[in-house]
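This briefing sets out computed features of one protein chain for use alongside the sequence and coordinates. The points are grouped by topic.

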Amino acid sequence: MPHVEISHFPADLSDIARRRLEADLVEAVTRAFGVTSDAVSIGLTPIPRDQWQQRIYGPLITDRATGTDLLRTPGY
């Protein structure tokens, strides 16, 4: 606990970019939840652009926008 899952359009992240993303997320999550870094897990899930609306935007963003479990909504 906690686990962060990032869904994104397919992208080739360099090793440096992946390590920087990991470090930034781990730092933010450990600070917010008061846990040690070894308690944090992170998943990256590429989603094809043509599936974004169906798999992500609808069920994970707009359907949750009225609840309290969506921390931030996108501006698109």
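Arginine 31 is exposed, because its relative accessible area is 59% and the cut-off for exposure is over 50%. The model in which this residue is placed is a predicted one. Arginine 31 takes part in a salt bridge with glutamate 27, one of the 2 salt bridges that the structure holds.

**Salt bridges**

- Side chains of opposite charge can pair when their charged atoms come close.
- Between arginine 31 and glutamate 27, the closest N and O atoms are 3.5 Å apart.
- Both arginine 31 and glutamate 27 belong to helix H1, where they are 4 residues apart, about one turn of the helix.
- An α-helix has 3.6 residues a turn, so residues three or four places apart point the same way.
- Glutamate 27 has 47% relative accessibility and therefore counts as partly exposed.
- Arginine 64 forms a salt bridge with aspartate 69, and here the closest N and O atoms are 3.3 Å apart.
- With a relative accessible area of 28%, arginine 64 is partly exposed.

**Overall architecture**

- The chain contains 2 helices and 2 strands, and these follow the pattern β-α-β-α when read along the sequence.
- The C-alpha trace spans about 35 × 30 × 20 Å along its principal axes.
- The chain has 76 residues, of which 21% count as buried.
- When contacts between residues at least 6 apart in sequence are considered, 61% join residues at least 24 apart.

**Valine 26 in helix H1**

- Valine 26 is located in helix H1, which covers residues 15-33.
- Its relative accessibility is 17%, so valine 26 counts as buried under the 20% cut-off.
- Apart from neighbours within four places in sequence, valine 26 is in contact with Ser37, Val40 and Ile42.
- Aspartate 38 is 12 residues from valine 26 in sequence, and their C-alpha atoms are 9.1 Å apart.

**Aromatic pairs**

- The structure holds 2 aromatic pairs.
- Phenylalanine 9 and tryptophan 52 form an edge-to-face pair, with 5.2 Å from centre to centre and 75° between the planes.
- This pair links distant parts of the chain, 43 residues apart: phenylalanine 9 is in the loop between E1 and H1, and tryptophan 52 is in helix H2.
- Phenylalanine 9 is partly exposed, at a relative accessible area of 31%, whereas tryptophan 52 counts as buried, at 13% relative accessibility.
- The ring centres of tyrosine 57 and tyrosine 76 are 5.3 Å apart and their planes are at 35°, so this pair is tilted.
- Because tyrosine 57 lies in helix H2 and tyrosine 76 in the segment after H2, the pair ties together parts that are 19 residues apart in sequence.
- Tyrosine 76 is exposed, with a relative accessible area of 53%, while tyrosine 57 is among the buried residues of H2.

- Trp52, Ile56, Tyr57, Gly58 and Ile61 are the buried residues of H2.
- The cover over these buried residues of H2 includes E1.
- Proline 48 is in the loop between strand E2 (41-46) and helix H2 (52-62).
- The relative accessible area of proline 48 is 31%, so this residue is partly exposed.
- Proline 48 makes contact with Pro10 and Arg55, leaving aside neighbours within four places in sequence.
- Although proline 48 and phenylalanine 9 are 39 residues apart along the chain, their C-alpha atoms are separated by 5.8 Å.

**Largest pocket**

- The largest pocket holds about 810 Å³ of space.
- Its lining consists of 20 residues, and Val4, Glu5, Leu70, Leu71 and Arg72 lie nearest the centre of the pocket.
- At least two lining residues come from each of strand E1 (3-8), H1 and H2.
- E1 gives the most to the lining of the largest pocket, with 5 residues.
- By class, the lining residues comprise 13 nonpolar, 3 polar and 4 charged.

Technical notes: Residues numbered from 1 in each chain as written. Predicted model: local features only at pLDDT ≥ 70, side-chain atom pairs only at ≥ 80, totals over all residues. Heavy atoms only, no water. Buried < 20%, exposed > 50% of the residue type's maximum accessible area, 1.4 Å probe, protein only. Contact = heavy atoms within 4.5 Å. 1 Å grid on protein atoms, 1.4 Å probe; cavity = no way out; pocket = protein on both sides within 12 Å on 5 of 7 lines; lining within 4 Å. Points joined across faces, edges and corners; volume = space filled by probe spheres on them. Nonpolar A, V, L, I, M, F, W, Y, C, P; charged D, E, K, R; others polar. Phe/Tyr/Trp six-rings, centres within 6.5 Å; stacked < 30°, edge-to-face > 60°. Salt bridge = Lys/Arg side-chain N within 4 Å of Asp/Glu carboxyl O.
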